[in-house]
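Keep the viewer open as you read.

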Amino acid sequence: MEQTSECSTKGTGALSANVDFCHVGSGFRLVGTISGTGLCVIDGLMDGTLNADMVKINHGATVIGEINCTKLDAAGGVQGEIKTGEVLLRSSAVINGSLSYKTIVIEKGAKIDGDIKYESSSVDHETEHDGL
């Protein structure tokens, strides 16, 4: 049975009160779908589909599946398909799969194994808003 998880919290931590925020902590495994506006930070394991404005995958974290976002900051691992407008791959990033982007920065040491495709038009992510 497929499980769907959604996170949305206004004004979490040091973020502005106008920012939606989702966090998958280290030691946690989320299987399903995260859809929302704002920032989603992954410190643990996400297995499924992630739709957000901004996605940050920290060192030691892994996303398996599909990522659709406007901005991606990756220091951890991704196995699957990434569609984003702007991407920053930090030196510890490991990408296995396909990456579609408009703007890219790759730090020395980042690893990419898969297809990389430049998209000349903006990559818009599709986000389902169920009461958000």
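Start with C22, which counts as buried at 4% relative accessibility; buried here means under 20% relative accessible area, exposed means over 50%, and partly exposed is in between (1.4 Å probe, protein chains only). Now look at C69, another buried cysteine, with a relative accessibility of 0%. C69 is in no disulfide, and the nearest cysteine sulfur, that of C40, is 9.8 Å away. If a disulfide is a pair of cysteine sulfur atoms within 2.5 Å, the count comes to 0 disulfides.

Before going further, a word on what you're looking at. This is a predicted model, in which local features need pLDDT of at least 70 and side-chain atom pairs count only at pLDDT 80 or more, while totals for chains, interfaces and linings use all residues. Residues are numbered from 1 along each chain as its sequence is written, and side-chain values use heavy atoms, with hydrogens and water left out.

So how confident is the predictor? The pLDDT score gives its confidence in each residue, from 0 to 100. For this chain the mean pLDDT is 84, and 77% of the residues reach 70 or more. Residues 1-17 have pLDDT below 50, and beyond near neighbours in sequence this stretch has 28 contacts in the model, a contact being heavy atoms within 4.5 Å. Over residues 126-132 the pLDDT is again below 50, with 12 contacts in the model beyond near neighbours in sequence. Where pLDDT is low, the predicted coordinates should not be read in detail.

Now for the overall layout. The chain has 0 helices and 10 strands, taken as DSSP runs numbered from the N terminus (helices are H or I, at least four residues; strands are E, at least two). Read from the N terminus on, the elements run β-β-β-β-β-β-β-β-β-β. The chain has 132 residues, and 39% of them count as buried. Among contacts between residues at least 6 apart in sequence, 13% join residues at least 24 apart. The accessible surface comes to about 7,100 Å², with 48% of it belonging to carbon and sulfur atoms; these areas come from the Shrake-Rupley method with a 1.4 Å probe, and for residues only the protein chains shown count as cover.

Two polar residues are worth a stop. N68 sits in strand 6 (residues 62-74) and counts as buried, at 9% relative accessibility. What does the side chain of N68 join through a polar contact of 2.9 Å? The partner is the side chain of E66. A polar contact is a pair of N or O atoms within 3.5 Å; within protein, one must be able to donate a hydrogen and the other to accept it, and residues adjacent in sequence count only if both atoms are side-chain atoms. The other stop is S100 in strand 8 (residues 94-101), buried with a relative accessible area of 14%. Leaving aside residues up to four places away in sequence, S100 touches I82, K83, T84, K117 and E119.

Next, the charges. Side chains of opposite charge can pair when their charged atoms come close. A search of the whole structure finds 6 salt bridges, each a side-chain nitrogen of Lys or Arg within 4 Å of a carboxyl oxygen of Asp or Glu. One of them pairs D47 with R29, the closest N and O atoms being 3.3 Å apart. D47 lies in strand 5 (residues 45-57) and R29 in strand 3 (residues 29-35), so this pair ties together parts that are 18 residues apart in sequence. D47 is partly exposed at 25% relative accessibility, whereas R29 is exposed, with a relative accessible area of 55%.

With D73, R90 forms a salt bridge whose closest N and O atoms are 2.7 Å apart. R90 lies in the loop between strand 7 (77-89) and strand 8, and D73 in strand 6, so the pair ties together parts that are 17 residues apart in sequence. R90 counts as partly exposed at 28% relative accessibility, while D73 counts as buried at 16%. E107 also forms a salt bridge with R90, with the closest N and O atoms 3.6 Å apart. E107 lies in the loop between strand 9 (103-106) and strand 10 (111-118), so this pair too ties together parts 17 residues apart in sequence. E107 is partly exposed, with a relative accessible area of 29%. Salt bridges that share partners join K56, D73, R90 and E107 into one network.

Technical notes
pLDDT = per-residue confidence, 0-100.
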